[in-house]
Amino acid sequence: MQFFKNNLPYLFILIFLVFKMQDLYLPYYWDEAWSYIPAIKEMAAQGPSLMPNSISPELYRGHPLLFYFLSAIWMKIAGNSIELARLFPLSISLLLLHCFYSFAKKHFGYYTALFSLIAILVQSVFLVQSVFFLPEILLALFTVLSLDSFLEKKYSYTVIWLTLALYTKESGLVIWAILFAWRLLEIVAEKEKNTRLIIKNISLLSLPLVFVMVFFALQKIIVGWFFFPEHISFFTMNELFVRLNGYASYLFIYMGRNLLTFSGMIALIILIYKKDKNILENRQKIFLLVFFVMAYLVFSSLNFYSPRYMLSVLPFSLLIWVHFLIQFAQRIPRVISAILVCIILGNNMYFTLYNRDSSDHSLGFRDMISVQSDLIAYCEDIQIYDQEIQTGFLMAHYLTNPQLGYLHDEKQIFQVQNTFTDSTEYVIFCSNELDKTLYQEIQGKHPLVKRFEKKKAWTELYKIQP
């Protein structure tokens, strides 16, 4: 019985692994296709490096280069095989699941860890991003490891994980700032009078920021700017509250998480009223996680909206609510508590499986890849390589970059333009990036050559008449 209990979490991870094997063969999609894969491929060709300008800044867009560096090393091993390449992000995802479960079990107990693991496994954003060449899963991994070593007071390890987080993406600054500030508060609360110890702690936890500042200083010297100019323009206070509302809604309400959040709140109120011993003992850890989640929401709201950015805090948000529910469930009959947990997680799973759009955080991405691949294959069959095709931003990359996995003949690419002109001979529309104005102008005036449709995803090819 104990053997089954200890290995049950890894049975769920194994189910996840089997479920994701089908995605290893999919072409590259969305941001990984137009941004990250070209940069990673270029770095693999030039030689993996952490130095700024080791590849064109237009490719890596000013980000710290650890994710590109590790991915490029893997790409040199995988070659042109997409399925072998996708084993890299999948391996990181498996490691994240293991580390997250271990973290939750160590600090909040077995049942909180088990059901928190199940909760993250049924999140559509994690299921999709787990095989994508995007840095959010790697950043989430280093965030978990940073928090774990910090709570264990292993500050030397904390410095390592925080440094890796900061070298993965700029948003790693949030977890560094929270842990640095938290340690200062601990020193003040403990009324520490050992000046040497205080300086040692502050200096040690300052190192990750110093290390990443070296990267940006070199970038300024070599390239001419600290941060990618286009990204600087995204940071604005004008829509802070609109974006904050969007991120908070996504984190706590959307995709079936409303039931988990509301039931977790009710459980917390009851536990506080009952003066639950476990909640009181873990309140410092809970406060730390809550501060991190809130700070990350605010930081993310300064940038443009993308739900995948929440992957660093989503596991901890789920962990907090699940922990409250597990503690409450121990006060009610087992049958009722089991039904309660199944309903809450089942609600989440329902939205994951059936609320499918074509974004990079929904399982509907498979449907979009399917219809786009079918239409590109059709264009290859009728051999319109020399005809001028107008289409959307993403589809244009799929039609012109053989490395992305959509084109069957790497020597043949299509002539693509971003705007509709007098010389346009074909137009391709995709449901995930639809120009509604142009679509209305084309429909009925020019013949529809071919349409592919799968659930909510569709693509259409129109022949433009003179």
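Okay, before anything else: when I say two residues touch, or are in contact, I mean that they have heavy atoms within 4.5 Å. Keep that in mind for Asn 348, which touches Val 122, Gln 123, Met 255, Gly 256 and Arg 257, leaving aside residues up to four places away in sequence.

A word on what we're looking at. This is a predicted model, where local features need pLDDT of at least 70 and side-chain atom pairs count only at pLDDT 80 or more, while totals for chains, interfaces and linings use all residues. Residues are numbered from 1 along each chain as its sequence is written, and side-chain values use heavy atoms, with hydrogens and water left out.

Back to Asn 348. It's found in helix 19; helices (H or I, at least four residues) and strands (E, at least two) are DSSP runs, numbered from the N terminus. Is Asn 348 buried or exposed? Its relative accessibility is 2%, so it counts as buried, the cut-off being under 20% relative accessible area with a 1.4 Å probe and protein chains only.

A cavity here is a set of points on a 1 Å grid over the protein atoms alone where a 1.4 Å probe fits but cannot get out, and lining residues have an atom within 4 Å of a point. Volume is the space filled by probe spheres set on the points, with grid points joined across faces, edges and corners. There are two cavities of 30 Å³ or more.

Phe 115, Leu 260, Val 322, Leu 325, Ile 326, Val 341, Ile 344 and Leu 345 line it, and helix 18 (314–329) and helix 19 (334–354) are the elements giving two or more residues each.

Around it sit Leu 96, Leu 97, Phe 100, Ile 120, Phe 126 and Pro 315, with helix 6 (residues 87–108) supplying the largest share, three residues.

Now, the sheet. Which order do the strands take? Five of them form an open, mixed sheet in the order 2-1-3-5-4, where pairing requires at least two DSSP bridges between two strands. Strand 2 (415–417) and strand 4 (448–454) are the edges, each pairing on one side only.

Inside it, strand 1 (residues 388–390) and strand 3 (residues 426–430) pair in the parallel sense over two bridges. Gln 390, for one, has Val 427 in strand 3 as its bridge partner.

Note on methods. 1 Å grid on protein atoms, 1.4 Å probe; cavity = no way out; pocket = protein on both sides within 12 Å on 5 of 7 lines; lining within 4 Å. Buried < 20%, exposed > 50% of the residue type's maximum accessible area, 1.4 Å probe, protein only.
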